[in-house]
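Here is a briefing for a reader coming to this structure for the first time. Take a look at the sequence and the model, then read on.

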Amino acid sequence: MIQAKKTAASTRLAILLAALMTSLCGIGPTVSFGAAVDPVWSLAEKEKPALLETLKELVAIESGSRDREGLERIAARIAASLNALGAKVDIVEPGADAYPMSDTPEKPGAMVQAIFTGQGSKRILLLAHMDTVFPRGSAAKQPFRIDGNRAYGLGIADDKQGIALILHTMAILKAMNFRDYGAVTVLINGDEEISSPASRALIAKLGATHDAVLSFEGSRVDSDKLSLATSGIAAVLLTVKGRASHSGFAPENGVNALYEIAHQILQTRDLSDPSVGLKMNWTLASAGVTRNMIPPSAQASADVRVLRVSDYDAIERKIRERIKNKLLPEAEIELTFERRRPPLEASAAAKALARHAQRIYRELGKELIVDDQPEGGGTDAAFAALDGKAPVIERMGVLGFGEHSDNAEYVLIDSIPARLYLAVRMIVDLSQDKTLK
């Protein structure tokens, strides 16, 4: 457990909470909202300026997936806010259960885990990530700024808005003195953009022990929606070891790794299966040292997408069987199959909870789209869904655009109150067992 130091941000948060408590002097310790929009809506609107200030502070901290110093700084900032809100906070370092992959840094970022203990029985897990795809020095190209209805900044849509939304959702619940949940667990990881090698085991463990999972990746400006399904992502890494020789004097003494890798790519090019949404495509290849040398080595990688966890085993078996057929018997072939992220499959429980979210949104006169078909990308929420019991909902965050771009990433400011309202109402209704079945 960490002892978070008081910061200027924590002081501002305390002042905000005091003001909110004053405005809510007539609200008791437990609130049943029914179809009423207030007081949650008015609180969500009041919270918007404070959330934008939090976003400004988070955007100012560069936190690329390989930037340990930046990740430690933003983790400390997040931990201080969660501590000020009354949570028990831990900084969780990568452990022996990490799943290293070809691009995993030696020391991935730590996780911030916070537990808010209530007086009820329901356990709710909130997920977001603090790492970005940007290398150190990128902030100058994309500083925080507001232009009309847009707030721009480095990683603001992916996923610093998710962090801010969680912090200010819990601030509203604290101001309301709402504690009808058993526990609200917040997990903010620092390795999502590199397929979560260090955090996946903890996310899966927490998903199995909670009653609902809400993940705060953002929605899109052209589609105010929640997602219940995403693709699973795997990578195939194929390495061929041949033997070098002079390509003019004695090519027959070599073993051409380029020929072998080309053979292997061609004989595994037809493994996609559109009937089940399985896609496998070779996307990168390299070979050789110089023009007049028989290539002694070659490498290739393929991108794999699946819609069902069970399809991983089948496609890996097929690839391993195919590569036994060599063009050059003396070539040595090594295959690595990395399961980078499982698919998120839409469960009946998730569909029911999403219908309840739609009902909440209609209280604001807004229609919420629920997408139960897999998207092309992956999500950490899929790890939380591996046991198949708790409903898992993705894209609880605000509407945004331009993820991974270096000068055009933004969120829509006017979407903040509605998404705060949705998050608070979902936690309240889950806690009081008022969601649709």
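The model is predicted. Its largest nonpolar core has 75 residues, and a second, separate core has 24. The structure also holds five aromatic pairs.

**Nonpolar cores**

- Two residues of the largest nonpolar core, L82 and L126, touch the most other members.
- Beyond its neighbours within four places in sequence, L126 is in contact with I166, M170, V184, T185, V186, L187, L214, F216 and I427.
- The second core is separate, and its 24 residues include V236, V240, A298 and F337.

**Helix α5**

- Helix α5 spans residues 200–208.
- Its buried residues are R200, L202, I203, L206 and G207.
- Viewed down the axis of α5, these buried residues fall within an arc of 165°, so they line one face of the helix.

**Aromatic pairs**

- How many aromatic pairs does the structure hold? There are five.
- W41 and Y421 form an edge-to-face pair, because their ring planes stand at 80° and the cut-off for that class is over 60 degrees. Their ring centres are 6.1 Å apart.
- This pair links distant parts of the chain. W41 lies in helix α2 (residues 40–59), and Y421 lies in helix α10 (residues 416–431). The two are 380 residues apart.
- Is W41 buried, partly exposed or exposed? W41 has 23% relative accessibility, so it counts as partly exposed.
- F178 and Y181 make a tilted pair, with 6.3 Å from centre to centre and 50° between the planes.
- F178 counts as buried because its relative accessibility is 1%. Y181 is buried too, at a relative accessible area of 5%.

**An aromatic cluster and two arginines**

- Y152, F401 and Y410 form one aromatic cluster.
- Which residue has its charged end over the ring of Y152? It is R145, and the charged end sits 4.0 Å from the ring centre.
- The ring of Y410 has the charged end of R150 over it, 4.2 Å from the ring centre.

Conventions: Residues numbered from 1 in each chain as written. Predicted model: local features only at pLDDT ≥ 70, side-chain atom pairs only at ≥ 80, totals over all residues. Heavy atoms only, no water. Buried < 20%, exposed > 50% of the residue type's maximum accessible area, 1.4 Å probe, protein only. Helix = DSSP H or I, 4+ residues; strand = E, 2+ residues; numbered from the N terminus. Arc of directions from axis to C-beta. Phe/Tyr/Trp six-rings, centres within 6.5 Å; stacked < 30°, edge-to-face > 60°. Lys NZ or Arg CZ within 6 Å of the ring centre and 35° of its normal. Core = buried A, V, L, I, M, F, W, Y, C linked by side-chain atoms within 4.5 Å. Contact = heavy atoms within 4.5 Å.
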